[in-house]
Amino acid sequence: MIKDKLRIIFLPFFLGSIGLLVTYTLLHWLLFIHLELFHPKEVYTNFIFPGIFCVLFLLLYYARIRLFAKKSWHDFFMVICTLALLAPQVVTQNYLTKQQGHLIEMDTPDKIEAENQVKYYSIEHSYIAKMGAGAYVARADADRYGTKISITVYFVAPLLSEPDFNQLHTHNNWIGVTFKRKFSNMVTVNKEDQRRDIEAFFNEAYKSFQRYSIDTKFLTNLRTDNDFNYFLLAAKNSKQFVGKENIVILQEAEGDYESRTGDNFSWIFYSWLIGNVIWLLIVLFSSVHEGDLELFHQPTRSKKGLKIHFSINRDVLLGIKSYWATSLLVAINTLIFILMLFKGLDFMFPQSDQLLEWGASYGPLIQEGEWWRLLTCTFLHSGIEHLIYNMFSLCLIGFATEKEAGSFRFLLVYLIAGIASSYVSVLVHEPSVGMGASGAIFGMYGLAGALTLKGILSNEMKGVYLFFCLPFLVVSLIVGLLFTDIDMAAHLGGLGAGFVAGLFFRNRKDRRKIRRLDD
């Protein structure tokens, strides 16, 4: 029994973890470092792309997880497998990115080739023209509930070869510095006092920047860094920005070139070993379905064995088919977010002006006739955390409601609730940039509430709604009332629209009776 579990469940994972690590690392080195076919941000090469490889492997491996007897633990085991596969990938790609970066030593920055940039520079003689500096202030939630905000000030200044101000009209190189501080954002905080505190911090940061002595002996090229777009916006705010393409933005690196990777190399092995040991212990001490394990054990793979093996793998696809409206909405939201990332928007905190270009809601533009923003804003998200939270909420209510409501009607109410939530938000709030699927999702919670009152939900789904969805809805509403950065107008507008739409629903039995009478 133990031998079969090791061979059928653990061995494929063990080999897969090695194969994924080696395969993606070679592709990363070949495509992005050696051949330099693309220059994606490090968040893609070090996290998103490895995550995609892990997901593809787990879709094939999931049938073996289903062999465990405790069905309630399957999702937990999937999480363990994901972490065990992804952790060594992230550590390895981070090491590779730093280790393979070339260091170019030069006398002056005018020798930097914009078309042939490298990762690290060491510049012996330079002049930082702080009088031509530009600044950009980025504001973001410092925690998931909006109780604190993080203010980051990005300063960039032209990096010249000598104090010759004629170079300001032709330069292409910049050097950047950041200053960051957190501020309370509780409901009790006076917004005017908060604004003055932030202004005081900016003035203090500006003085610190003017006094700051930047060491140019070890500089990092920010071309693929997540902060590049913020520094670029700061450069565009400078009067000395000449509008050239392929500008170079450098930042003082920590430590020195020789010690840049730290202990990352040893942690590649440690992270891989820890993940495999944890999964080995789970496999050894968890019970399995002996009959299904025996079918996997058969070397000739009988027809029955093949049927069970592939039927388990098809569970994911069948789930997508049964809840196609929910799956479609999750896919569209996720795809749009990925496209935004490829277009340069920040992984965690995309800027408002960038979101406007993608169709975010903004009262003055809507009043000028851009009514389509009421819908498009519901498919945009202000960072990966925002997206994950909303998609989790959508999947939860979709599972409880879509089958009973009907997939097409579920989708129609979702769109109506999304538009209604955006419209209410624009009416209630002062002009501000709005986005997110939460208003439309609250509409589906309202729909589920109406279907529960009308007795349309089955007893099983009613239990899911009352014991899982409804508490989640109540907590979300309480959080929205406590913290100021959450758009309660959109949430309540969507909730009301979904509830009203649900009052017009009839269950499928009643609809069939009406059709028979008409016939």
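Two strands are said to pair if DSSP finds at least two bridges between them. The legends below describe close-up views of a predicted model.

**View A. Strand 5 and strand 6 form an antiparallel pair.** Strand 5 covers residues 148–160 and strand 6 covers residues 173–184. The two strands are joined by 11 bridges. Within this pairing, valine 156 stands opposite glycine 176 of strand 6.

**View B. Strand 6 also pairs with strand 8, in the parallel sense.**

View C. The whole structure contains 28 aromatic pairs. One of them joins tryptophan 174 to phenylalanine 241; the pair is tilted, with 6.4 Å from centre to centre and 40° between the planes. Tryptophan 174 counts as buried because its relative accessibility is 1%, and buried means under 20%. Phenylalanine 241 has a relative accessible area of 24% and is therefore partly exposed.

**View D. Six named aromatic residues form one cluster.** The members of this aromatic cluster are Phe10, Phe14, Trp267, Phe269, Tyr270 and Trp272.

**View E. A lysine lies over the face of an aromatic ring.** The residues concerned are lysine 130 and phenylalanine 209, and the lysine is placed at 5.3 Å from the ring centre.

Conventions: Residues are numbered from 1 along each chain as its sequence is written. This is a predicted model: local features need pLDDT of at least 70, side-chain atom pairs count only at pLDDT 80 or more; totals for chains, interfaces and linings use all residues. Side-chain values use heavy atoms; hydrogens and water are left out. Helices (H or I, at least four residues) and strands (E, at least two) are DSSP runs, numbered from the N terminus. Rings of Phe, Tyr and Trp (its six-membered ring) pair if their centres lie within 6.5 Å; planes under 30 degrees apart count as stacked, over 60 as edge-to-face and the rest as tilted. Buried means under 20% relative accessible area, exposed over 50%, partly exposed in between (1.4 Å probe, protein chains only). A charge sits over a ring if NZ of Lys or CZ of Arg is within 6 Å of the ring centre and within 35 degrees of the ring normal.
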